[in-house]
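This briefing covers a predicted model.

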Amino acid sequence: SAMKSMLALTLLCVSLPLHAQVSVAADTPGKTSSGVAYTQPKDWTATSKGPATIFAAPEANLNIAVVDAGEATNAQAAAAKAWSVYKPDAARKVRLVTAGAPGEGWDERVSIAYETSPNEKAVVSALALRKGTAWTVMIADGAEATFGKRLAAAAIIQQSLRPAGYERESFAGKTPHRLTPERIQALRDFVAESARTLEVPGVGIALIDQGKVIADGPREQVI
């Protein structure tokens with residue numbers, strides 16, 4: 001109804017309270033309010049603002065916000081919702097939208113770059129991640145020089161993002177298949193076909209089964 005729409009718009013415009021900043025002495029795992037897993041980098045502070053978790057670099061001029069955006073029609077709509085929580089007065093124009101491959105538990109991954117002026121010397125981008133119908137958006141916003149300096153920490157945040165309930169596959173404790181002649185030939189065929197596809201003239205290969213080298217050679221010739 002019109003009344004419900006007006007109420008929703010009003011709630012979006014209400015300033016959300018900031019929770020206390022928390023700094024950590026080592027990379028520390030955590031979760032957003034919806035259960036999305038992240039890692040907070042060493043020496044960065046974390047602040048909660050509604051559905052947003054905002055990480056601030058030690059220089060205090062670079063933020064990386066992870067926002068539970070919820071349902072949205074597409075990645076750009078999800079990013080717009082995330083900006084309305086993190087920085088409602090921002091009015092950045094989208095410069096480039098790049099779709100990435102699904103992975104790490106996410107059904108869809110989309111990178112969004114925004115226009116900035118040369119004088120700003122700023123980095124402004126978003127990464128929209130979808131699991132089912134729910135979106136999580138990571139926003140990078142701040143000084144270009146600091147972003148370059150703190151690139152490793154930014155990567156820790158981005159690469160640690162996992163949807164709620166996701167567990168990475170592990171082969172720990174599992175018994176591997178023995179390398180029978182049939183499996184060895186299948187591996188050789190795979191390597192040869194991949195090398196032909198990538199136009200690689202030759203590939204080194206060694207196969208190890210239960211600690212022993214059972215097949216090797218200086219080059220796996222590709223014909």
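**Aromatic contacts**

Trp83, Tyr86 and Tyr114 form one aromatic cluster. Across the whole structure, a search finds 3 aromatic pairs.

*Pair of Tyr38 and Phe55*

- Tyrosine 38 and phenylalanine 55 form an edge-to-face pair, with 5.1 Å centre to centre and 70° between the planes.
- Tyrosine 38 belongs to strand β3 (residues 37–40) and phenylalanine 55 to strand β5 (residues 52–56), so this pair ties together parts that are 17 residues apart in sequence.
- Tyrosine 38 and phenylalanine 55 are both buried.

*Pair of Trp83 and Tyr114*

- The ring centres of tryptophan 83 and tyrosine 114 are 5.6 Å apart and the planes stand at 80°, so the pair is edge-to-face; the angle cut-off for that class is over 60 degrees.
- Tryptophan 83 sits in helix α2 (residues 75–86) and tyrosine 114 in strand β8 (residues 108–114), and the pair links these distant parts of the chain, 31 residues apart.
- Tryptophan 83 has a relative accessible area of 9%, and tyrosine 114 has one of 7%.
- Tryptophan 83 therefore counts as buried, because the cut-off is under 20% relative accessible area; tyrosine 114 is buried as well.

**Sheet**

- An open sheet is formed by 8 strands in the order β1-β4-β5-β6-β10-β9-β8-β7, with antiparallel pairing.
- At the edges are β1 (22–23) and β7 (94–100), each of which pairs on one side only.
- Strands β9 (residues 122–131) and β10 (residues 134–143) are paired in the antiparallel sense over 10 bridges.
- Leucine 127 has methionine 138, in β10, as its bridge partner.

**Helices across the sheet**

- Helix α2 lies across β4 (45–49), β5, β6 (62–71), β7, β8, β9 and β10, and runs at about 60° to β10.
- Helix α4 (residues 151–160) lies across β5, β6, β9 and β10, and runs at about 15° to β6.

**Second largest pocket**

- The volume of the second largest pocket is about 200 Å³.
- This pocket is lined by 14 residues, of which Ser125, Met138, Ala140, Phe147 and Gln158 are the closest to its centre.
- Two or more lining residues come from each of β8, β9, β10 and α4.
- Helix α4 gives the largest share of the lining, 4 residues.

Conventions. Residues are numbered from 1 along each chain as its sequence is written. This is a predicted model: local features need pLDDT of at least 70, side-chain atom pairs count only at pLDDT 80 or more; totals for chains, interfaces and linings use all residues. Side-chain values use heavy atoms; hydrogens and water are left out. Rings of Phe, Tyr and Trp (its six-membered ring) pair if their centres lie within 6.5 Å; planes under 30 degrees apart count as stacked, over 60 as edge-to-face and the rest as tilted. Buried means under 20% relative accessible area, exposed over 50%, partly exposed in between (1.4 Å probe, protein chains only). Two strands pair if DSSP finds at least two bridges between them. Contact means heavy atoms within 4.5 Å. Axes are lines fitted to C-alpha atoms, for helices over the stretch in contact, and angles run from 0 to 180 degrees between N-to-C directions. On a 1 Å grid over the protein atoms alone, a cavity is a set of points where a 1.4 Å probe fits but cannot get out, and a pocket is an open set with protein on both sides within 12 Å along at least five of seven lines; lining residues have an atom within 4 Å of a point. Grid points are joined across faces, edges and corners, and a volume is the space filled by probe spheres set on the points.
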